[in-house]
Amino acid sequence: MTGYDFKTIEPKWQAWWEEQGLHRTGTDPKRPKFYCLDFFPYPSGEGLSVGHCRNYIPTDLIARYKRMRGYNVLHPMGWDAFGEPSEAFAIKHGIHPRLATTRNTANYKRQLRLIGTSYDWSREIDSSDPEYYQWTQSFFLLLYHRGLAYRDTNWQWWCPQCQTTLSNQEVGDGVCWRGHNTITKKLLPAWFFRITAYADRLISDLDGIDWPERITTMQRNWVGRSEGVEFDMEVAGTNESIRVFTTRVDTVFGVSFVVLAPEHPLVDALTTPEHRAAVEAYRDAARLQTDIERASIEREQTGVFTGAYAINPVNGQRVPLYLADYVLMGYGTGAIMAVPAHDARDFGFATRYGLPIPVVIAPPEWDGQPLSEASTGDGVLVNCGEFSGLPSRDGLERIADWMEHRGIGRRQVHYKMRDWLISRQRFWGAPIPIVHCVRCGMVPVPEDELPVLLPDRYQPATTGRSPLADIPEFVQTTCPGCGGPAERETDTMGGFACSSWYFLRFTSPHEHARPFDPEAVAYWMPVDVYVGGAEHAVMHLLYARFWMKVMADAGLVPFSEPFAKLLNQGQLHAPSGQRMSKSRGNVITPDSVVEEYGADTLRLYELFMAPFDEDATWSEEGINGTSRFLNRVWALVMKNLDTQDADSPELIRRRHLLVKQVSEGVEECRFNTTISRFMEFVNYVNAPDGLDGVIGRSTAETVLILLAPFAPHLTEELWHALGHADSVHQQGWPDYDPALLVSAEMTLVLQVNGKVRGQLTVAADADEETIRRLALEHERVRPYLDGHGVKRVVVVPKKLVNIVV
RNA sequence: GCGAGGGUGGCGGAAUUGGCAGACGCGCUGGACUUAGGAUCCAGUGGGGUGACCCAUGGGGGUUCGACUCCCCCCUCUCGCACCA
């Protein structure tokens, strides 16, 4: 393998940059700031794959580019170091999770350096460091004191493989967010953050940020705001009533039964003795079902009659009360009014159990016959008393007004989103700073007693409770309120708490007495470009936004949206097309690629293989192209170390064009086509019947400066080979002269009836009449005109001439 | 089912406001240099005829002098969400 000696030059310049402190960042109010951030990585034991690099290479390129553009750039890196895999590893090997974490972060850092990233390592942070999690605990208290953290006993999703509880948001399709599919439910006390209190702002503030539409759409859907009417239905013969929520109050006259979720708290009280056995059997069966089964839309609706009847308050009608698992306790009020004529699920249920299906919204062209399926669209109200005859949209508002006026019901908003379950029954997380006192109850740990430190001793859990519960020296404490004996909360916080504020810590990572320096936060925040995978579209990005709004409300930060611009890189698949994973044995590491091709080739290939935001597949052969290109750049510059400046006007024009293309390409994250532009330029220069690889010094320097953010080591070596003692990365970004981009001639395409027949080269300033004349006289065009009258000649400036005959 | 984004050579992918389809790269073919080549360089490379012509951007219509691009219908792939009342 011939070519430049990347094995020598890459480590050499990495060490030099470090020594020079080239990437250190300080606050500098005189310069415009630019905060370029990666998603907070969890340092797994497997280390980085080339797939992860698809995140870190583009952000590094952007950071380097912005520095050369004169920005004061903050480009930090740190570790989301708490988490289940480190704890699992610790259990397996009987060591403290700290050891696994330290080893893993060191490996990540080594790999990130290996690929030539320009992080300011003086700002490195670690969420499992007490210096850090002290403040995570402090923000827990902030939420607690603002009424946004609370403890509740509830049925929790439980993943036996992770040995931990999961929030609703971490459970999808009956599968936990790490992919385990054996989750069940457990009744446990747990801590929650009241993110639902910010539901509306989490939706409305999306309008002010520059994020991919698919992500904002997912967040809107996740919050799932829906407006409707809530009202109570009395249960006949009892003092109880059932509260229901509907978004279609226009159909309220069509209620033919009422359905409770199996978990509804009033089930026991309402069920009549003769139905009790059936109801309990149904309820037990529903609980045992997995979410997948219960959520399947293919399935028929099932249910069981309670023996009780509810009264429809709008017309006094008595309707039967059922239990059915298609109604969820977690949404709305856990009870619905069922209108089979106008809801597909209610229709299925009514059909199965022989319940009436009265039509109250006449669909357009309805013939008065019974419906064969639910009619869920608009129509005209019928059989609705005084409201009959109204269009359903109007009817909805009028009935809602009427119910509010009469005190029957009221307008209400519900959200799909649930509060954020923060408790984990795990060791390796930030302890929740609460003390349980027999006398005082739950008492928050005072700020000045933080951090609540994790014990140095680690032992695996024996009970399914947090391992901390088995460590007496951790548990036993005194009550901050009364000084009496008390026990510490043993739940720790899930990792999403740590990642909800880390970007603030980077602005001033060495503060001891406070989480961050407010001036540094004011200077650096918000993050200007935030890059990471789309898989965090909902959880992390929603939680972090929530925390910033809370902090903004508390006056701690002067903004409420932390990430001004968000970008999602595409996934990188293994050559087989599958996802890269250790279990498939198809992981390609940056280590092996750097060993064979060097870091600059790896960087360039990852940028070149596909558009930044689209999925791509690693190709063992494809990388040869970028490797060859860099070798050509090397040879080109080395060949011209002593060439005098004698660039032709055309070369100068192309150089200016390259500056324009690269500048715009980087600004718009079109890295793959930008690299093509470099290749075209080098091909032009190397053409054997053209310049044959001879360029002047200023051209060589310009190319190196432009290429520096892409291939930082190679360009630095060549920059020094040209005799410079400073760094290529400290050069200013070149400008281009738009006047020089224009060439003296232009080539137009000649078409006859829209088909290409020839080309015409004319002076760039030729007028339309001249062009028209030359086109009609053109030897390749004339044969097509013979015997036909020219109907029309379309002249498009600088593009083409189309002759219609 | 709903929402979003895609379908262009053997492959990855290019094509400002509609204006030479296939830039750039991989691979492949032939050649040069070589003891050797998985190195490097040169030439070629959508398909068909193999003349100067025709056909081609998932399929079918439409608008236009001109459509990968705009409009309508259909097929298909990927990713989200999904008994949400």
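Cys440 is partly exposed, since its relative accessibility is 37%; the scale used here calls a residue buried under 20% relative accessible area, exposed over 50% and partly exposed in between, with a 1.4 Å probe and protein chains only. The structure is a predicted model, in which local features need pLDDT of at least 70 and side-chain atom pairs count only at pLDDT 80 or more, while totals for chains, interfaces and linings use all residues. Residues are numbered from 1 along each chain as its sequence is written, chains are lettered from A and ligands numbered from 1 in the order in which they are written, and side-chain values use heavy atoms, with hydrogens and water left out.

A disulfide is a covalent bond between the sulfur atoms of two cysteines. Here a disulfide is counted when two cysteine sulfur atoms lie within 2.5 Å, and the count comes to zero. Cys440 is in no disulfide, and the nearest cysteine sulfur, that of Cys479, is 3.7 Å away. For Cys479, the closest cysteine sulfur belongs to Cys437, at 3.6 Å, which is too far for a bond. Cys479 is buried, at 3% relative accessibility.

Aromatic rings provide the next topic. A pair of aromatic rings is described by the distance of the centres and the angle of the planes. Rings of Phe, Tyr and Trp (its six-membered ring) are paired if their centres lie within 6.5 Å; planes under 30 degrees apart count as stacked, over 60 as edge-to-face and the rest as tilted. The whole structure contains 46 aromatic pairs. One of them joins Phe82 and Tyr133 in a tilted arrangement, with 5.5 Å from centre to centre and 50° between the planes. Phe82 belongs to the loop between strand S3 (78–79) and helix H3 (84–93), whereas Tyr133 belongs to helix H5 (residues 130–145), so the pair ties together parts that are 51 residues apart in sequence. Helices (H or I, at least four residues) and strands (E, at least two) are DSSP runs, numbered from the N terminus. Phe82 is buried, at 4% relative accessible area, and Tyr133 is buried at 2%.

Tyr322 and Tyr353 form another tilted pair, with centres 5.9 Å apart and planes at 45°. Because Tyr322 lies in strand S14 (residues 318–324) and Tyr353 in helix H11 (residues 344–353), this pair ties together parts that are 31 residues apart in sequence. Tyr322 is buried at 9% relative accessibility, while Tyr353 is partly exposed at 28%.

Rings also meet charged side chains. A charge sits over a ring if NZ of Lys or CZ of Arg is within 6 Å of the ring centre and within 35 degrees of the ring normal. Arg64 lies over the face of Trp17, 4.9 Å from the ring centre, and the charged end of Arg545 sits over the ring of Trp211, at 5.8 Å from its centre.

The strands come next, where pairing requires that DSSP finds at least two bridges between two strands. S31 (residues 745–752) and S32 (residues 755–763) run antiparallel and are joined by eight bridges. Leu748 has Leu760 in S32 as its bridge partner. These two strands form a hairpin with two residues between them, and Asn753 in the turn has a positive phi of about 55°.

Finally, helix H24 (residues 712–721) contains Glu717. Glu717 is buried, at 16% relative accessible area. Leaving aside residues up to four places away in sequence, Glu717 is in contact (heavy atoms within 4.5 Å) with Ile9, Lys12, Trp13 and Trp634.
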